[in-house]
Every structure is written in structure tokens, then in C-alpha cells.
Amino acid sequence: MRKKGFHLLLGVLSFFLLFILPIHLAIRISLPPSHALRSVLADLLCLLGYLILLALAVTLLAVFYMNKRLVRGLEEIISQLSSMEEGNLESVHVHTEVPELEVLQRYLNKMLINMRGSFHRFSTVIERSQIPIGIYEYNTFYHQAFANRIILEILKVDSTRKEPSQACLEQVAQRIEELKKHPMKREEHIYQMTEGERVIWVRMEELTYEQSRLVWMMDISQWWGQMETLKTQRDVDELTQLYNRRGFCERVETLLAQEEAKWGSFVVIDADGLKQVNDNYGHHQGDQYLKEITGILKELDQEHTVCARVGGDEFTLFLHGYQSREEVEEAIGALQRKRDIRMMRIDAGTEVSVRFSLGYTLYPVEGREYQVLIRRADERMYQEKRERKKGG
């Protein structure tokens with residue numbers, strides 16, 4: 001038996017044909033190794049594609065769940081928290097099926113209750129202790145204001161509700177700003193407000209913190225009135241209602257500190273003929289004589305004049321705040337022209353001339369020590385008095 005065969009290669013297939021004579025034929029087909037590898041790779045790629053599609057489907061389901069249950073719940077909570085900037089501090093209410101968000105809401109609401117309650121507890125303590133301190137607090141983060149009952153009473157803001165309305169709180173804020181425009185003693189935080197014809201004195205101080213500002217105040221009208229009465233008794237002459245020596249010195253020192261560069265004058269005046277009036281007509285007429293001189297002094301420009309009665313028949317003036325020497329000398333000349341021309345009526349048939357002598361010094365050209373300038377003016381006044389007596 002004879003065998004004879006040959007190879008045939010078609011594409012990736014290898015055929016081996018074997019002829020066994022006389023009649024038999026055998027065919028063997030061979031696949032190359034690379035074909036099996038490619039098949040495995042194709043299967044792997046197909047499996048990977050299925051996994052990717054499955055992962056995308058799971059991701060989309062997770063996103064849908066988070067958006068519906070978690071993200072929307074968080075957005076609603078954030079929205080309600082944001083509304084607190086408009087003053088809504090009531091509570092957070094969002095319906096979710098996420099236990100963690102429900103716990104978050106519960107703690108947020110407890111925080112808000114604490115925030116409201118802390119101020120109200122503090123206000124209650126103040127009111128029950130009968131300490132008349134008014135409190136106003138404004139939270140700059142939440143844009144929410146709180147005020148206790150006492151500050152409403154001080155600022156005359158009407159509120160019939162237990163909790164002040166938003167309109168009342170806005171009115172409190174406006175009156176605080178208005179009060180700041182009327183300081184009486186800024187360094188002591190004392191301000192003045194009026195209610196009809198009544199003047200109210202308030203001590204007010206503002207404290208600023210990181211997220212809030214606090215204003216506290218007290219109505220000190222009664223105390224202030226007593227202090228002003230004592231100060232008047234201490235610094236004002238009872239007969240003429242001019243400053244006495246103490247009040248004059250205090251006022252002059254204040255003005256010199258404020259107007260150091262401006263022109264002024266210290267004038268010393270002594271009543272002429274007061275002894276004769278006392279001896280001839282009685283001391284009550286002598287008092288009236290001093291009041292007549294006081295009337296002349298009050299005719300001067302009070303914005304630029306400080307007057308004082310520093311002795312029985314002696315007055316001291318400080319003319320201040322003038323822009324030039326000529327203005328000061330003109331004011332002194334106007335005072336000199338007023339003397340000796342006014343008459344005081346004693347009775348139906350008797351009048352006496354209201355007369356006085358004066359001496360003055362110029363500030364600052366003659367010095368800056370006011371006590372020295374007053375002594376020098378006093379010497380010049382006595383010199384003029386002697387000359388007036390000689391002249392008759």
C-alpha cells in the first residue's frame with residue numbers, strides 16, 4: 001500500500017490531506033495556537049462589558065436612591081437653615097426616611113431651642129432680680145434680634161405680646177441708633193432722649209462679639225437729676241445763677257483744652273457803688289443791683305462767654321473762641337459801652353446808675369496760664385476803679 005499526501009493552508013486553517021492508495025483519503029484540520037488565545041480574549045472582553053454595564057446600573061440605582069432619599073433631604077434641611085438668616089428660628093421640619101437625617105434634625109432643633117432659651121432665661125433672671133437693665137442682642141449670622149421687657153419700657157416701645165414682634169424689635173434698633181446721636185458724656189456712655197417735654201437720661205453701652213452685638217442700658221434719669229442738682233449747688237452761684245469760682249475754673253480748663261489756638265480774654269469786673277446801695281436802701285436792693293449787672297453780662301454772646309460771680313461784688317468773664325484779636329477787643333468794647341447807662345429803680349421816685357469797673361487781659365498773646373491772666377486783669381480793674389473815683 002502506497003501513501004501520499006500534501007498540506008493546504010487556507011486563512012488560519014491548516015489542512016493535511018493523506019491519500020492511501022488505492023482508494024482511502026484522510027483529512028486532518030489543524031487550528032493554530034493563536035486562535036484559541038483570541039477566543040479566550042474575546043470571552044473576557046465580553047464578560048468585562050457585562051460587568052461594566054452591571055456597575056453602571058448599580059451606580060445609577062445608588063445615585064437615584066441618594067438623590068431621592070439623602071441629597072434632597074439634606075438640601076431641604078440646608079434651605080430651612082438658610083431661612084434663619086431672615087429671622088426664622090422656629091425649628092427644622094423635613095420628612096425623610098433616612099434615620100441619620102432624622103437624628104440631625106433632632107439635634108438642630110435642640111440647638112435652636114437652646115439658643116432662644118438662653119436669652120430668655122437671662123432676661124428672666126434680670127427682671128426677677130429687679131435690676132432695671134435693658135438688653136438688646138442682634139445675631140449678625142442669623143439676622144435675629146432679641147430684646148427684654150425693660151429695654152422696651154426705657155425706649156417707650158409699645159408691645160402687648162409676651163414676645164416682642166419683629167416690628168417692635170426693629171423699632172428698638174431704630175431708637176438705639178437715634179439715641180447714639182445725642183451723647184451727653186460719651187466717655188461715660190451717657191445719652192439723652194426726650195419724651196414729650198420730659199428729658200430722659202440713659203446710660204448705654206454696646207459690646208461687639210464675633211457673631212452678635214449686645215446693647216445694654218439703664219434709665220438713670222433720677223440719679224442724673226440728683227447729680228445735676230448737686231453739681232448746680234456746687235458750681236453755681238445761688239443769687240445770680242452764674243458760675244461760682246469752682247464752676248468757672250472747671251469750665252475754663254475744658255474750653256482751653258478744646259480751643260487752645262483761638263483768641264480770648266479774661267475780664268474782671270467789680271461793682272461800683274454797691275456799698276452805698278446796701279447802706280442806703282438795704283441788702284435786698286444790693287442783691288438786685290448785682291442782678292442788674294448779671295443781666296448786662298448775659299446780654300453778651302453766651303456762645304463765646306463764660307460768666308462767674310467769684311466774690312461779693314466781683315465777677316470774672318472768659319471771652320473765648322474768637323478768630324482774631326480785633327473780634328475780642330470789639331466784644332470788650334461792647335461791654336464797656338453798656339456800663340453806666342443802665343438805671344435801677346429803687347422806688348417810685350428813686351433810681352440809681354448801675355456802674356462797674358473792669359480790667360482785662362488777652363489770651364494767648366499775654367500768656368496761656370489763665371490764673372496768671374486773671375490776676376493781671378484784676379490788677380488792671382483796680383487801677384481803673386481808682387481812676388474812675390478820681391474822675392468822679
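1. A salt bridge here is a side-chain nitrogen of Lys or Arg within 4 Å of a carboxyl oxygen of Asp or Glu. R337 and E330 meet this criterion, with their closest N and O atoms 3.2 Å apart. R337 counts as exposed because its relative accessibility is 51%, and E330 is partly exposed at 48%. The classes are buried for under 20% relative accessible area, exposed for over 50%, and partly exposed in between, with a 1.4 Å probe and protein chains only.

2. This is a predicted model, in which local features need pLDDT of at least 70 and side-chain atom pairs count only at pLDDT 80 or more, while totals for chains, interfaces and linings use all residues. Residues are numbered from 1 along each chain as its sequence is written, and side-chain values use heavy atoms, with hydrogens and water left out.

3. The whole structure has 20 salt bridges. One of them joins K180 to E206, with 2.6 Å between the closest N and O atoms. This pair links distant parts of the chain, 26 residues apart: K180 lies in helix 4 (residues 166-180) and E206 in strand 8 (residues 198-208). Helices (H or I, at least four residues) and strands (E, at least two) are DSSP runs, numbered from the N terminus. K180 is partly exposed at 26% relative accessibility, as is E206 at 31%.

4. R309 forms a salt bridge with D237 at 3.4 Å between the closest N and O atoms. The two are 72 residues apart, R309 in strand 11 (residues 305-309) and D237 in the loop between helix 5 (221-235) and helix 6. R309 is buried at 16% relative accessibility, and D237 is buried at 15%.

5. Salt bridges also link D270, D272, D340, K385 and R388 in a network.

6. A cavity is a set of points on a 1 Å grid over the protein atoms alone where a 1.4 Å probe fits but cannot get out, and lining residues have an atom within 4 Å of a point. Among the lining residues are W263, F318 and Y363.

7. The structure holds 0 disulfides, defined as pairs of cysteine sulfur atoms within 2.5 Å. C249 is buried at 17% relative accessibility, and C307 is buried at 6%.

Methods
On a 1 Å grid over the protein atoms alone, a cavity is a set of points where a 1.4 Å probe fits but cannot get out, and a pocket is an open set with protein on both sides within 12 Å along at least five of seven lines; lining residues have an atom within 4 Å of a point.
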